[in-house]
Amino acid sequence: MKIFFLRVFIFICLLFWLINAISALFVEPKHFMNTINDFNRIVDENKEIDIAMYGSSHVYSSFDPRTIDSIVQARSFNFGSAAQRIAVTKYVVGESFKKIRPKVVVIDLYASSIKSPNDDESLSHQKQAYNFFAFSFDKLKSIIEVFPSKEVLEIAFPVFDRKDYRLNFDNIIFNKDYRYKTHELMWEYRGFAGLPFKMKQDKKFDSNLFVDFSKKGQAESGLTKFTKEEERNIKDLINKAKSQGANVLIVTAPFLPAMVDPKYAAFHRLIDSICIANNVGYIDFNFLGRELNLDFSDFRNAWHLNQFGAKKVSSYLGNYIKTNYDLPNRSKEKDWISEQPVNTLQYLSQTYEDQSLQVDEKLIDSINIVSFGCFDEGDMKTFIFKLNDDIETQVLEKYKLGLYLYAYDDDKNLLSDKGRNFESANFSPTVIQVNGNRYIVKKIRTTLTRFSKIRFFLFDTSGYKGIIGNAIEIENILAHQKSN
């Protein structure tokens, strides 16, 4: 009899293992797949994560680890996933804590995220967080807590959720080299997903309408209390993050409907009171719209920042963490240094000669453009012109340089001025010297990452009266970017 039960047990285990393995072939790929693959890769490389950020798409649209890391000199990671609710965030925190021990845990909360998912649309979004972690009893426990009983099996084993049974051999959840193709212009880095798009101007979200929440008397009406379940979930999440010795920081990422609504202050006060009672920090970025100089151009839609707004918010968050928490300084570690975005000096010293294009054309007789290069720093592009070695730099004081960046037809929607087909910059050129070579360097804010051509020329410093000398054109340019 014992042998019989042992065989049954072994059969059930093998069947369980087989179903779990097959399920990996039927997971629908999403952005969060890239996030968890990146996370597992970092863990496999024995790199420590000092700051872990959790929550919904507000998180992955708002908090860029590159910007934060450059300020705090540590390593951060963004675990945000679409429409994630607080009960699911508890699960993601728990799963990630099996592999890391962050010093600071940042958790985003807003009115929708603290509610339990109770309709088909919100429930469908929660699947992502479960699909890309391996099966465990903690996973099963969380699924039972979040989903109706009839859906537990298909959430635990995605093979039962797929109706078409189309195999996806290349996107197996354990394949850390696979990249789910998001939007071609999306900048992904450790869970952050930045897009360059700017929402159309909407009068109801004009920055002049941002509420000054510092004034007394705001939100005399509005939300008066959380439900017992909501308050319990917030406290449970805080305690789960604290259980491993992490400092907890609650945040609310900015979204325009809150920034123009006086009643929003009531929600803020409720969250703030819980944070005070549980001895954790709280940053509400909806209170900081004016301080951070946010406006509609920093958002891709009313609820999500674009990469420009994310840089402002991430800089604030990085400085807050640096000021209020003790973190290891990794600025001397080779791995950490290699992860940082390239800067101009590094590019000129290490990369420029390999990636630059030979030009060898004269703007005027005394100013020769030897070569040209450019690289991508997110929302900024750096353009570099290498000059002749014998140039007398005072000659440039007589001129301004005009730089025109032409867009391909497919990219014209990214231009700041939709009435023309190029971005432009007119500036007084100055020369920098690196390793004995002389360069003109110009940074331009543009979301274009490729250019059908660039055109540059000199004109009189007192104002444009026509081109002086020759205009030089270079075609088919890509903004080189450092990959991490």
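I searched the whole structure, which is a predicted model, and found 34 aromatic pairs. I looked up one of them, Phe32 with Phe133, and noted an edge-to-face arrangement with 6.3 Å centre to centre and 70 degrees between the planes. This pair links distant parts of the chain, since Phe32 lies in helix H2 and Phe133 in the loop between H6 and helix H7, 101 residues apart. I then checked accessibility: Phe32 is buried at 0%, and Phe133 counts as buried at 7%.

My next entry is Tyr352 with Tyr439, an edge-to-face pair at 5.4 Å centre to centre, with 80 degrees between the planes. Here helix H14 supplies Tyr352 and strand S16 supplies Tyr439, and 87 residues separate the two. Tyr352 is buried at 0% relative accessibility, and Tyr439 is buried with a relative accessible area of 1%.

From Tyr352 I went on to Ser371, whose side chain makes a polar contact of 2.7 Å with that of Tyr352. I placed Ser371 in strand S11 (residues 367–377) and found it buried, at 1% relative accessible area. Beyond its sequence neighbours up to four places away, Ser371 touches residues including Ser356, Gln358, Ile384 and Lys386.

Last, I turned to helices H5 (residues 86–97) and H6 (residues 120–131), whose axes come within 10 Å and cross at roughly 10 degrees. That angle is under 35 degrees, so H5 is roughly parallel to H6. I listed Val88, Tyr91 and Val92 of H5 against Gln126, Ala129 and Tyr130 of H6 as the contact residues, and these divide into five nonpolar, one polar and no charged.

Definitions and conventions: Residues numbered from 1 in each chain as written. Heavy atoms only, no water. Axes fitted to C-alpha atoms, helices over the stretch in contact; angles between N-to-C directions. Helix = DSSP H or I, 4+ residues; strand = E, 2+ residues; numbered from the N terminus. Parallel < 35°, antiparallel > 145°, perpendicular 65-115°, else oblique. Contact = heavy atoms within 4.5 Å. Nonpolar A, V, L, I, M, F, W, Y, C, P; charged D, E, K, R; others polar. Buried < 20%, exposed > 50% of the residue type's maximum accessible area, 1.4 Å probe, protein only. Polar contact = N/O pair within 3.5 Å; in protein donor to acceptor, adjacent residues only side chain to side chain. Phe/Tyr/Trp six-rings, centres within 6.5 Å; stacked < 30°, edge-to-face > 60°.
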